[in-house]
Amino acid sequence: MSVARFWRKIPQRYNLLGTKCETCGRHFFPPRTFCPDCRRAGKIVDHKFAGSGTVVTYSVIHTASEQYEALTPYVIAIVKLDEGPQITTQVVCRPDQVKIGMKVKSVFRRIATDGKSGIIHYGTKFVPVE
Amino acid sequence: MRDVAVIGVGCTRFGEKWESSFRDLFVEAGALALEDARLSGEQIDAMYVGNMSAGRFIEQEHIGALIADYAGMATRHIPSTRVEAACASGGLAFRQAVIAVASGMEDIVVAAGVEKMTDVEPGISTDALTGAADREWEGFMGATFPGLYAMIAQDYMHRYPLTREQLAQVAVKNHYNGARNPIAQFQSEITLDTVMKSTMVADPLRLFDCSPITDGAAAVIVAPLERAREFTDTPIKVLASAQASDTIALHDRRDISTLDASVAAGQWAFKMAKVAHKDIDMVEVHDCFSIAEICAIEDLGFCKKGEAGKFTADGETALGGKIPVNTSGGLKACGHPVGATGIKQVFEIVQQLRGEAGKRQIDGAKIGMTHNVGGTGATVAVHIFGRV
């Protein structure tokens, strides 16, 4: 991912900064600038998510693309945030530890490295809540 | 709107075709389709070409013009348009051709699909395919394409009674059919054991749950039904053409284990064709992964949600079953040259309806269906065909 493409979403990637529609109260992560329910009547504002949620489904990745190869086997999951939206993320735990319905919370982690001399991509992963 | 018929079909052998270039593939498929329709190039009015990612796979864009040129159409200047919807590119190219003819704008139109995937390292093709999902918020987080379907499988198996063996049976059945299809990439039968002991890709999906990387091209020719007999004794009527969309990311879906776009496109198609499920003699569904076939036969309404595993294990989707699914071998055994797949599905159904499907022929087939999915279900094209 190019530097500019990564840089422009740093607040969202680092801090789970999404949006919500003040008209209907629906929350969005990844952020949307247009509410699909209220359409032009929607009013979108920033919203920082608390970072707690529940595992909806998951997989353990054994064959990854090059940038993620060193992490295998790693856990990816769809996590439902307490505020409503669902996101695709990694859960930092043993592959046999992850369960559907497991409570998780967000942590700041390295996501990928753009080659040996490229930038390091940081972002949000999740860990099990003890 | 005018009625539309398929008057000619052609398809290359699918596989790892080191000796064939992108151009070689579509020229071969196009020539076969023209020959089949007893047409000459001068009679073609327009072309639509499904292709997902020539930009990533062979670093070539501007595919519409390239294909028209190498098909010998450059001096005739006919319109040639590339259509892209990831793995549903072929299905949408076919739909565009149908719309062009139905509207009266064009008469004789080629719908083709082509993908040349083996000229790059597997890592690059895997990454290119991840572009069918949400690159920013799925791919970047480390979700691979098999990983996304694995999350569908995990959700499905948590909620419904699907065993790992039943899931494997999808691949076993598709390899059995592929072994009876001369264009299939894999022409050998496999056992449950082959699937269950294959390399883990994304838990619970193993290597034999996944469709392969494939080179190949397919082409079909459509014309107004009223003119079809000028070209063929066995025109196949397009009874319905439906297309639906959904959220690009799996995490935004209403239900992880239901492809709502499949449900919508399926319902529209049945309504348009004025046929019922019991009228369908066989269906080609988008089995990019074993779990995708399980979801597809339920989402299209051939069995109830949660019952497709048993339905498959009971042989109801096999040749001779209640509703034979993927008589071609499907994406799993016939191969999945992404942009060509939707056209190859039409190729298979036309062969079945003409009675030309050899060892995998469904006796007395009158009506057939195709189901082509882009990404994890963000685009779906469904078509229904009938003998006339």
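**Chatting about strand β10 of chain B**

Reply: Let's start with a pairing: β10(B) runs antiparallel to strand β11 (residues 379–387) of chain B, with 8 bridges between them. Keep in mind that this is a predicted model.

Me: Which residue of β11(B) stands opposite B:His371?

Reply: That's B:Val382.

Me: And how many residues lie between the two strands of the hairpin?

Reply: There are 4 residues between β10(B) and β11(B) in that hairpin. In the turn, B:Gly375 has a positive phi of about 65°.

Me: How many residues of β10 are buried?

Reply: The strand covers residues 367–374 of chain B, and 8 of its 8 residues are buried.

Me: OK, which residues sit on each side?

Reply: One side of β10(B) has B:Ile367, B:Met369, B:His371 and B:Val373, while the other has B:Gly368, B:Thr370, B:Asn372 and B:Gly374. Side chains in a regular strand alternate between the two faces of the sheet.

Me: New topic! How many residues does each chain bring to the contact?

Reply: Chain B brings 27 residues and chain A brings 25 residues. On the chain B side, the elements giving two or more residues are α5 (122–130), α6 (145–159) and β5 (200–202).

Me: Which one gives the largest share?

Reply: α6(B) does, with 6 residues.

Me: What classes of residue are on that side?

Reply: The side of chain B touching chain A has 12 nonpolar, 9 polar and 6 charged residues.

Conventions:
Residues are numbered from 1 along each chain as its sequence is written. Chains are lettered from A and ligands numbered from 1 in the order in which they are written. This is a predicted model: local features need pLDDT of at least 70, side-chain atom pairs count only at pLDDT 80 or more; totals for chains, interfaces and linings use all residues. Two residues are in contact if their C-beta atoms, placed from the backbone, lie within 7 Å. Ala, Val, Leu, Ile, Met, Phe, Trp, Tyr, Cys and Pro count as nonpolar, Asp, Glu, Lys and Arg as charged, and the others, Gly among them, as polar. A residue is buried if 20 or more other C-beta atoms lie within 10 Å of its own, exposed if 12 or fewer, and partly exposed in between; C-beta atoms are placed from the backbone. Two strands pair if DSSP finds at least two bridges between them.
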